[in-house]
Structure formats: structure tokens, C-alpha cells
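Here's a quick briefing on how some parts of this protein hold on to each other. Have the structure open while you read.

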Amino acid sequence: MATRTAARRNFARKYEQHLADMCPETHPIQVDEQITAKIDELKSAEEHIESATRAAEFLYRRAHASHLRSEENKRQIRSEGAIPYLCELLNAKFRDARYQACSALSELAFRDERNSLLIVSVPGSLDSILQLMVSSDMQEDAALVLSNCAAFSEDAVATMLEHPGLVAALKVVATSAEPDAKGIAIGAINCLSRFSFATEALIAENVVGEALMPVLAACGEEEELDG
């Protein structure tokens, strides 16, 4: 854990220094000072976990598609280095902190190719998401982060497929989780399958036979009972 945290923080420092090269902005960002203040609070999670949790919730609301400045806010949140710290919050001791981190990350990834790639590129982020997805009561929230990243970035999909156990974890959730989490996991698998380079990994995990077919069969049984 300590090694992953150090790697994330090192990434965060480099991320802030070289973001212009990684994800060049096409036009100036109109800065919201409240967002800047909340990102500063987020970065103090070790000392002030409750403030960091509230900051993550605030960033989620600002990034949400219903917000009039959603796109601009997402750019600012990315450019000011919040994403690695949200990924670090996924490992917090308190459930609400992990939940708010998942919510913010999934919303930042939604319809945003750059954010999607950055989220899966943070050292340890995929490990943290998979841990939540397979061994907690946050399967739906964690799976949604993966689903949104896969839906909006081809490069993120390539990174995800290289991660050991990711497809297998999605398969487990798709077949054994609660209905909402199942649906999101299946959606994530569908997003992965859009790319030809993903075919080999999905075939190797027998996703169709062990995940999708059982789901379809269960749906058929439910229709027969309803009938």
C-alpha cells in the first residue's frame, strides 16, 4: 500500500509539471476559485479525511453533466491535478470517502477522453478500483468508473486490457453481483468489445460463454415466468 501511495504521489507531482505535454488544452480555462480551493482540500486527505471527502463530493457535483459548466469544470479539475488524489482516496479507511472518490472519477470520465485515460494511467488506480469491485459493497460504483473510462477512450481500453485480472473481475460482477452492478459490468464489457484489439483478451477469458450467455439465459427464464 505504501509503495502504491508513493507512486501515485510521484505521478501527481509529474502530472502537475507535465500536464501541458500529456493533455494540451486547446483554449484557456476559466478558473473557478471554489474548485481550486476544494482541490487543495482534497490533497490534504491524510491529515483531514472528512474535508477531502467533502471536496470529492463537491468536485463530483461540479463535474456532473447537469452542471452548466460541466465541461469547463472537468478541464480545470484535470489541469489542477485532482485526478491522482481522487484515485488515492479510493483506498481510504472510510466508506464515504471511497464512495465520493468513485462518484467523482466516474463523472470526470463521462464523455471526456483525456480524463478517462488519465484515471487508468495513475499508478495503482486500477488495482484500487478492482479491489472495490470484487470485495466490497461498492461494486456498482467501482464498475461505473471502469465502464465510463472504457466508453470514452480507446487508449484507456488498451491500458485496462493490459491490467491483470481486470476482465476476470468484470466477468465475476456480471454474473454474481446485484442487478444494477451486473448491468454496469456488462456495459463495461460491451465498451471493451468495441475494439478489435480487445477480442483476444475477451476470448481468453471466455467472456461470452461464462458471463454473457448466463445473463441472457437468466433473462429468458424471467420472461418465461412473467409470461
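Searching the whole structure, which is a predicted model, turns up eight salt bridges.

**A salt bridge across the sequence**
- Arg62 pairs up with Asp32, and their closest N and O atoms sit 3.4 Å apart.
- Arg62 belongs to helix 3 while Asp32 sits in the loop between helix 1 (2-22) and helix 2 (33-42), so this pair ties together parts that are 30 residues apart in sequence.
- Both partners, Arg62 and Asp32, are buried.

- Glu41 has a relative accessibility of 27%, so call it partly exposed.
- Lys38 has a relative accessible area of 22%, so it is partly exposed as well.

- Glu57 is part of helix 3.
- Glu57 is partly exposed because its relative accessible area is 32%.

- The side chains of Glu72 and Arg75 come together in a salt bridge at 3.1 Å, N to O.
- You'll find both in helix 4 (residues 70-79), three residues apart, which is about one turn of the helix.
- Glu72 has a relative accessible area of 17%, and since the cut-off for buried is under 20%, Glu72 counts as buried.
- Arg75 is buried too, at 6%.

**Helix 3 against helix 5**
- Helix 3 (residues 49-63) packs on helix 5 (residues 82-89) at an angle of about 120 degrees, and their axes are 11 Å apart.
- The two helices are therefore oblique to each other.
- The crossing of helix 3 with helix 5 is left-handed.
- On the helix 3 side, the contact comes from Ile49, Ala52, Ala56 and Leu59, and on the helix 5 side from Ala82, Leu86 and Leu89.
- What kinds of residues make up the contact of helix 3 with helix 5? Seven are nonpolar, with no polar and no charged residues among them.

Terms used
Residues are numbered from 1 along each chain as its sequence is written. This is a predicted model: local features need pLDDT of at least 70, side-chain atom pairs count only at pLDDT 80 or more; totals for chains, interfaces and linings use all residues. Side-chain values use heavy atoms; hydrogens and water are left out. Axes are lines fitted to C-alpha atoms, for helices over the stretch in contact, and angles run from 0 to 180 degrees between N-to-C directions. Helices (H or I, at least four residues) and strands (E, at least two) are DSSP runs, numbered from the N terminus. Angles under 35 degrees count as roughly parallel, over 145 as roughly antiparallel, 65 to 115 as roughly perpendicular and the rest as oblique. A crossing is left-handed if the near helix is turned anticlockwise from the far one by less than a right angle, and right-handed if clockwise. Contact means heavy atoms within 4.5 Å. Ala, Val, Leu, Ile, Met, Phe, Trp, Tyr, Cys and Pro count as nonpolar, Asp, Glu, Lys and Arg as charged, and the others, Gly among them, as polar. Buried means under 20% relative accessible area, exposed over 50%, partly exposed in between (1.4 Å probe, protein chains only). A salt bridge is a side-chain nitrogen of Lys or Arg within 4 Å of a carboxyl oxygen of Asp or Glu.
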